Amino acid sequence: MSLGKAARNLVTPARGVLRSSAAALNRSYAAVAEARAVLENELDTIRAAGTWKGERIITSKQGPQISVDGSRGTILNFCANNYLGLSSHPEVVQAGIDALKLYGAGLSSVRFICGTQVLLGPDDAVLSDELNHASIIDGIRLCRAKRLRYKHMDLNDLEIKLKEAQSSRMRLVVTDGVFSMDGDVAPLQGICDLAEQYGAMVFIDECHATGFLGSRGRGTDELLGVMDRVHIVNSTLGKALGGAAGGYTVGPKPLIDLLRQRSRPYLFSNSLPPPVVGCATKAVELLLASNEIAQSMTAKTMRFRNNMTKAGFTIAGSAHPICPVMLGDARLASVMADDMLKFGVYVIGFSYPVVPKGKARIRVQISAAHTDEDIDRCVDAFIQTGRKHGVVS
């Protein structure tokens, strides 16, 4: 065989391979282009509906007054979960620095890996309030238990669902203690009554209650006098307790032991960084020493609610620092929030799918770190913005 013929024999299959690779590459490009078009169309739909959620950049530490990228001067912050103003409390910050120096930035490891199921399985039932937080819903999906949704805070519907679940091995009623969008408090006394009547356990999520609801800041179960009747409490370190990250679950010791063995979110997540633990520990110590911070927040909450109601606004919930200013229209909520920023007040409009359609609102959150002057300035900005858009006269 001549050298030229041998070369042609090598080149011919190589061309076939290249053509095949090129065709596969073109199909890949086409698939990406098609996916891109689908995604862009979905994004355009969100923008057209007025439900696009822009992200503002905070360029300062958390507090009642912050700096926001693109805005001049300091801005009053009324949209953080910093209920007790502990995110930048000097003792909390120092505790984080001390832990960082002593234990380092992190443990660089997940916890021991094993198992898949937690507490409930196919023979069990979860009864969940229809407006429970998305994180609760996702947690329920991780187990294979039968899922029954009851109408929001509707004890009659809960009883119907409990009757339906009587054939299940175990029954667990799951509810937010405080619902984050409306600031309404779950009827825990009635829930506990029904749970006891139908042989169910009660689980509450206390992310928007820990640290400031109840006489000692223990949460909604303390507020409503059912601490000995709620079986499982889940809460966060990322809101009132310093605002960093992480959370916790308390309940019967065998349950906690089982979670340590089989809970996937626990097992496959890195251990909390030492500074987070240090800050949260100090925040708890401050709250155990005095309830003065929580009491001051209560007075400020009522100041805002009362003044806004007098001005003609509709404020959902009652007596909770989550103060939703109900507007109904998604675009209106977004535009008014932008206009509030021009008055130096940082708030965010909430619309579908975060809240039901037709229930758009601006969610205002009061902090113990706000002064009365801060609150009055916020109310005044709402009045001016509300008049501009015909919400109040």
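## Helices, sheets and cores in a predicted model

Let's start where two helices meet: Glu91, Val92, Ala95, Gly96, Ala99, Leu100 and Tyr103 in helix H2 are in contact with Pro274, Pro275, Gly278, Cys279, Lys282, Ala283 and Leu286 in helix H9. Contact means heavy atoms within 4.5 Å, and helices (H or I, at least four residues) and strands (E, at least two) are DSSP runs, numbered from the N terminus. By class, this contact of H2 with H9 has 10 nonpolar, two polar and two charged residues. Here Ala, Val, Leu, Ile, Met, Phe, Trp, Tyr, Cys and Pro count as nonpolar, Asp, Glu, Lys and Arg as charged, and the others, Gly among them, as polar.

This is a predicted model, in which local features need pLDDT of at least 70 and side-chain atom pairs count only at pLDDT 80 or more, while totals for chains, interfaces and linings use all residues. Residues are numbered from 1 along each chain as its sequence is written, and side-chain values use heavy atoms, with hydrogens and water left out.

The axes of H2 (residues 90-103) and H9 (residues 274-289) come within 7 Å and cross at roughly 145°. Axes are lines fitted to C-alpha atoms, for helices over the stretch in contact, and angles run from 0 to 180 degrees between N-to-C directions.

Leaving aside neighbours within four places in sequence, Pro275 touches Gly96, Ala99, Leu100, Gly104 and Ala105. Pro275 and Ala105 are 170 residues apart along the chain, yet their C-alpha atoms are separated by 7.2 Å.

Now to the sheets. An open sheet of six strands runs in the order S4-S3-S5-S6-S7-S8, with mixed pairing. Its edge strands, S4 (146-150) and S8 (247-250), each pair on one side only. The twist averages 20° from one strand to the next. Another open sheet has three strands in the order S1-S2-S10, also with mixed pairing. Two strands pair if DSSP finds at least two bridges between them. Here are some of the pairs:

| Strand pair | Sense | Bridges |
|---|---|---|
| S2 and S10 | parallel | two bridges |
| S6 and S7 | parallel | three bridges |
| S9 and S12 | antiparallel | six bridges |
| S11 and S12 | antiparallel | three bridges |

Strand S12 is worth a look of its own. Six of the six residues of S12 are buried. In a regular strand the side chains alternate between the two faces of the sheet. In S12, Ala360, Ile362 and Val364 point one way, and Arg361, Arg363 and Gln365 the other way.

Which residues touch the most other members of the largest nonpolar core? Among its 28 residues, they are Phe78, Phe304, Ile362, Val364 and Phe382. A nonpolar core is a set of buried Ala, Val, Leu, Ile, Met, Phe, Trp, Tyr and Cys residues joined through side-chain atoms within 4.5 Å. The elements giving two or more residues to this core are H10 (292-311), S9 (322-328), H11 (330-342), S12 (360-365) and H12 (372-388). A second, separate core of 22 residues includes Leu127, Phe179, Ile191 and Val226.

Definitions and conventions:
Buried means under 20% relative accessible area, exposed over 50%, partly exposed in between (1.4 Å probe, protein chains only).
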